Amino acid sequence: MSQHIHRIRVWDLPTRLFHWALVAAVIGLAITGTLGGNAMVWHFRFGYSVLTLLLFRIVWGLVGGRWSRFGAFIYSPASVINHLKGKGKPEGGIGHSPIGAGSVFAMLGFLLAQVGTGLLSDDEIAFSGPLTRFVSNATVGLATDYHKSIGKWILLALVLLHIVAIVFYLWRKHNLVGAMLHGDKELVTAAPASRDDTASRLLALGVLLACTAGVYWLSSLGAPAF
């Protein structure tokens, strides 16, 4: 007897757009940071874009679709251990699994650290973050050292682990990329869907505009980078 398959909306459109916009912006950051020189103008722009997206995701993690909310993928240590033993609860395979959740929080945290230290960094040539004039030279030095020599390598490692995980799950017949493109997952058990209607999308647009305005104001505190 064949199982009935339930197709549910897991990732709402704002979450999907956030994900792919963040991928593009981080790639842009990596390329422009490596090139240096005049490309640093674009490095700042990509940095402000990443900060805007991160702020949006933090807010959306509180008010977004059911499976995009942080509350849906904050797991106890016991849940993580059970998941590793193959004894996890069914809901652990709907949105972010316990391991996936750890990856998400690590990525968000270290991206915030990277753009945050970027705001306080100075290349001692032509470009400095908008907040450098508000802190001591020692703080600027520490932020710059982390931004250039530590943070970027941590993020590279996280990105590589993320790609390895995607390939592993694809090998296990779980297409994570497809779900992040069209938003739906096929499940053998019924589960509540994420809200993804016109009203929620307009709310997301309002949140994004507010975050954009806040980051634009932040960028105006220092020397013009645009």
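Buried residues are those under 20% relative accessible area, exposed residues are over 50%, and partly exposed ones lie in between (1.4 Å probe, protein chains only).

**Figure 1. Burial and extent of the chain.** By this criterion, 38% of the 226 residues of the chain are buried. This is a predicted model, in which local features need pLDDT of at least 70 and side-chain atom pairs count only at pLDDT 80 or more, while totals for chains, interfaces and linings use all residues. Residues are numbered from 1 along each chain as its sequence is written, and side-chain values use heavy atoms, with hydrogens and water left out. The C-alpha trace spans about 70 × 40 × 30 Å along its principal axes.

**Figure 2. Secondary structure of the chain.** The chain holds 7 helices and 2 strands, taken as DSSP runs (helices H or I, at least four residues; strands E, at least two) numbered from the N terminus. Their order from the N terminus is β-α-α-α-α-α-α-β-α.

**Figure 3. Contacts within the chain.** Contact denotes heavy atoms within 4.5 Å. Of the contacts between residues at least 6 apart in sequence, 75% join residues at least 24 apart.

**Figure 4. Lining of the second largest pocket.** A pocket is an open set of points on a 1 Å grid over the protein atoms alone, where a 1.4 Å probe fits, with protein on both sides within 12 Å along at least five of seven lines; lining residues have an atom within 4 Å of a point. The lining of the second largest pocket includes L13, F18, F56, R201 and L208. Two or more lining residues come from each of α1 (13-35), α2 (40-63) and α7 (198-219). The largest share, 5 residues, belongs to α1.
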